[in-house]
Amino acid sequence: MRQVLEKLLQDGKDDALLRFTLGSICLQEADFDTALAHVERAIAFDPDYSAAWKLRGAILLKLGRHQEAIQVWREGRTVAERKGDLQAAKEIGVFLKRLERQCLAANGNECQP
């Protein structure tokens with residue numbers, strides 16, 4: 001599947017959904033750097049793409065970039081709330097609280113980006 005989507009990209013088709021899907025596949029394959037590049041491109045195409053913000057935070061977390069994940073999820077939750085995507089805002093909020101609790105337990109203070 002990844003090869004088919006990469007071929008579409010090579011053929012000049014490039015949009016938020018294609019980049020999001022490639023990012024998801026790359027994440028599943030543990031190709032985190034490539035996943036992040038695709039998801040960031042998806043957000044560049046559509047800054048209100050709530051699912052892409054959620055996925056971007058998850059990829060940053062996999063890369064061990066916890067502070068950046070917190071920042072991205074905070075921004076993504078704001079985006080989701082602004083556009084009325086309450087389910088995505090709720091999911092991002094759960095991930096964010098979990099990560100903030102882990103940071104608090106590990107560092108003895110709140111995570112700040």
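This is a predicted model: local features need pLDDT of at least 70, side-chain atom pairs count only at pLDDT 80 or more; totals for chains, interfaces and linings use all residues.

**Exercise 1.** Does Leu61 count as buried, partly exposed or exposed?

*Solution.* Residues are numbered from 1 along each chain as its sequence is written, and side-chain values use heavy atoms, with hydrogens and water left out.

Step 1: take the cut-offs, where buried means under 20% relative accessible area, exposed over 50% and partly exposed in between (1.4 Å probe, protein chains only). Step 2: Leu61 has a relative accessibility of 31%, so it counts as partly exposed. Step 4: list its partners, with contact meaning heavy atoms within 4.5 Å. Not counting residues up to four places away in sequence, Leu61 touches His66, Ala69, Trp73 and Leu99.

**Exercise 2.** Find how helix 3 and helix 4 are arranged, and which residues make their contact.

*Solution.* For helix 3 (residues 32-45) and helix 4 (residues 50-62), the axes come within 9 Å and cross at roughly 155°. Step 2: helix 3 is therefore roughly antiparallel to helix 4, since angles over 145 degrees count as roughly antiparallel, under 35 as roughly parallel, 65 to 115 as roughly perpendicular and the rest as oblique.

Step 2: read the hand of this crossing of helix 3 and helix 4, which is left-handed. A crossing gets that label if the near helix is turned anticlockwise from the far one by less than a right angle, and is right-handed if clockwise. Step 4: collect the residues. Helix 3 brings Phe32, Ala35, Leu36, Val39, Glu40, Ala42 and Ile43, while helix 4 brings Ala52, Trp53, Leu55, Arg56, Ile59, Leu60 and Lys62. Step 5: sort them by class, which gives 11 nonpolar, no polar and 3 charged residues. Here Ala, Val, Leu, Ile, Met, Phe, Trp, Tyr, Cys and Pro count as nonpolar, Asp, Glu, Lys and Arg as charged, and the others, Gly among them, as polar.

**Exercise 3.** Repeat the analysis for helix 2 and helix 4.

*Solution.* Step 1: the axes of these two helices come within 11 Å and cross at roughly 25°. Step 2: that angle makes helix 2 roughly parallel to helix 4. Step 3: the crossing is left-handed. Step 4: Phe20, Gly23, Ser24 and Leu27 of helix 2 meet Ala51, Ala52, Leu55, Ile59 and Lys62 of helix 4. Step 5: this contact divides into 6 nonpolar, 2 polar and 1 charged residues.

**Exercise 4.** Which residues of helix 4 are buried, and which helices do they pack against?

*Solution.* Step 1: check the length. Helix 4 has 13 residues and reaches 19 Å from its first C-alpha to its last, close to the 18 Å expected; the expected span is 1.5 Å times one less than the number of residues. Step 2: Ser50, Ala52, Trp53, Leu55, Arg56, Gly57, Ile59 and Leu60 are buried. Step 3: these residues pack against helix 2 (16-28), helix 3, helix 5 (66-83) and helix 6 (86-107). Step 4: look just past the end of helix 4, where Gly64 takes a positive phi of about 80°.

**Exercise 5.** Describe the surroundings of Leu96.

*Solution.* Step 1: Leu96 lies in helix 6. Step 2: its relative accessibility is 1%, so Leu96 counts as buried. Step 3: leaving aside neighbours within four places in sequence, Leu96 is in contact with Ile70, Trp73, Arg74 and Arg77.

**Exercise 6.** Where is Ala30 placed?

*Solution.* Step 1: Ala30 sits in the loop between helix 2 and helix 3. Step 2: although it is not a glycine, Ala30 has a positive phi of about 65°. Step 3: with a relative accessible area of 47%, Ala30 is partly exposed.

How values were computed. Axes are lines fitted to C-alpha atoms, for helices over the stretch in contact, and angles run from 0 to 180 degrees between N-to-C directions. Helices (H or I, at least four residues) and strands (E, at least two) are DSSP runs, numbered from the N terminus.
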